[in-house]
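Here are some friendly notes for a colleague meeting this structure for the first time. Please keep the model open beside you as you read.

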Amino acid sequence: MEKLTAGRRWAALLALALGGFGLGLTEFAAMGLLPEVAQDLLPEAYARSSSDAVATAGWIITIYALGVVAGAPTIAALTARVARRKLVLGLLAMFLIGTVASALAPTFGLILAGRFVAGLAHGAYFGAAGLLAAAMLGKGNAGKGFAIVLSGLTAANVFGVPLITALGQAAGWRIAYLAVGSVFALTLLAVLAVVPEVPAAPGGSPRAELSAFRSPQVWLVALVAAVGFGGFFAVNTYIAPITTHVTGLSESAVPWVLAVMGLGMVVGNAIGGIAADRNLRRSVPLGFVGMVAAAALFGLIASNPIGLFAGVFLIGAASLFMGPALQSLLISVAPGAQLMGAAVNQSATNLANSLGAALGGLVIAAGWGYLSSAWLGVVMAAGGLFLALASNRLAARRPEVREPVLVG
């Protein structure tokens, strides 16, 4: 990699974080706009039962997550020899196409197809962009590199998602998604202008990347993320109806609730990046302990406005505290397949997104109320904690996990 001035390095890191900002918008804005999507696309179902229609509209979240699950390992394997910057540019083009197609599609089915296409690029972007950022920061900063890219996603949740949600409520959810598409277009231009080229890993090949799946630790850590993070998404997916139907606030309060959750994510991500570089194995169980406590507290106090805001802050902080650690950990347990390790984490967390949204919809549709999603979150986060402890026990019987060695 070419030598960079400090100014060029930070401009490049900000460009990569802007992509994370766009991903945060396209992934999380749907959660705040589910009632609008349901009313627009499923008017008859919404007239019969708003909760059933909102649960059905939740498939736009589930299908996006399934696109991530399918796309991340597939793209990682097929692009093993592709230079990182070129890969990032191709993925941003996929986001732009999928997001604009979602905004313009006339039917619910075609919108689901557009969301699936956009989701295909999600996991590979965080993997490739995270590796780029870590390479620019140098040895010993893998957690911080991934945290910088994730900081775009957390910033999106502080002010981007609330603004997009407010725009969608005022002008329609389609206009909101066209605005998201413009963010991807801007990011593509920024990456072209300031991000340096970083070569693919030496000896990279589809076979080398796929070799990651021979490791039991890769499967176990991925399962930790898939089950445990489902607790976060079970709550987050249904924040809008919880705010209006349970707490009794107006729709105009939804963006503020999302902003407070995003602020918690910013705090959790920043602390989590530092913690991951100090002790990977300790960070993940600690985060799940926090997630169990936060989801349980949310279930008890979210009917009160102060409790709602406090609960979403704690849930956001606990969930993103684990983000950099899980990303770095999967790269560490797949030393010959960096891109696959990074991509698998995104597949796993978006499988969690799919599971959390779908299971949350089921418990709500069963008549157990919107807050039943919080108690589902407790169960799933507790499952993640159990699996994380099992992963640590397995690692203790094997050579110690190494720090990721990054190309560049």
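1. **Ground rules.** This is a predicted model, in which local features need pLDDT of at least 70 and side-chain atom pairs count only at pLDDT 80 or more, while totals for chains, interfaces and linings use all residues. Residues are numbered from 1 along each chain as its sequence is written, and side-chain values use heavy atoms, with hydrogens and water left out.

2. **Confidence.** The protein has an average pLDDT (the predictor's confidence in each residue, from 0 to 100) of 83, and 92% of the residues score at least 70. Helix α9 (residues 173-194) has the highest confidence, at a mean of 94, and helix α10 (residues 206-210) the lowest, at 71. Helices here are DSSP runs (H or I, at least four residues), numbered from the N terminus. Please read residues 400-408 with care: the pLDDT there is below 50, although the stretch has 30 contacts in the model beyond near neighbours in sequence. Contact means heavy atoms within 4.5 Å.

3. **α6 with α7.** Helix α6 (residues 84-104) and helix α7 (residues 108-137) have axes that come within 8 Å and cross at roughly 155°. Axes are lines fitted to C-alpha atoms over the stretch in contact, and angles run from 0 to 180 degrees between N-to-C directions. The two helices, α6 and α7, are therefore roughly antiparallel, a term for angles over 145 degrees. Their crossing is left-handed; that is, the near helix is turned anticlockwise from the far one by less than a right angle. The contact of α6 with α7 involves 17 nonpolar, five polar and three charged residues. In this scheme Ala, Val, Leu, Ile, Met, Phe, Trp, Tyr, Cys and Pro are nonpolar, Asp, Glu, Lys and Arg are charged, and the others, Gly among them, are polar.

4. **α11 with α17.** How far apart are the axes of helix α11 (residues 216-228) and α17? They lie 9 Å apart, at an angle of about 165°, which makes α11 roughly antiparallel to α17. On the α11 side, Val 218, Val 221, Ala 222, Val 224 and Ala 225 make the contact, and on the α17 side Leu 326, Leu 329 and Leu 330. By class, this contact has eight nonpolar residues, no polar and no charged ones. Helix α17 (residues 323-332) is mostly covered, with 10 of its 10 residues buried, where buried means under 20% relative accessible area (1.4 Å probe, protein chains only).

5. **α11 with α19.** Helix α19 (residues 372-396) also packs on α11: their axes come within 7 Å and cross at roughly 160°. That makes α11 roughly antiparallel to α19, and their crossing is left-handed. Among the α11 residues in this contact are Leu 220, Val 221 and Val 224, while those of α19 include Gly 383, Gly 384 and Leu 387. By class, the contact of α11 with α19 has 13 nonpolar, five polar and no charged residues.

6. **Ala 352.** Leaving aside neighbours within four places in sequence, Ala 352 contacts Ala 225, Ala 226, Phe 229, Gly 230 and Phe 233. Ala 352 and Val 224 are 128 residues apart in sequence, with 9.6 Å between their C-alpha atoms.

7. **Asn 236.** Finally, look at Asn 236 in helix α12 (residues 230-236). Asn 236 is buried, at a relative accessible area of 2%. Not counting residues up to four places away in sequence, Asn 236 touches Phe 28, Met 31 and Met 261.

Key. Buried < 20%, exposed > 50% of the residue type's maximum accessible area, 1.4 Å probe, protein only. Parallel < 35°, antiparallel > 145°, perpendicular 65-115°, else oblique.
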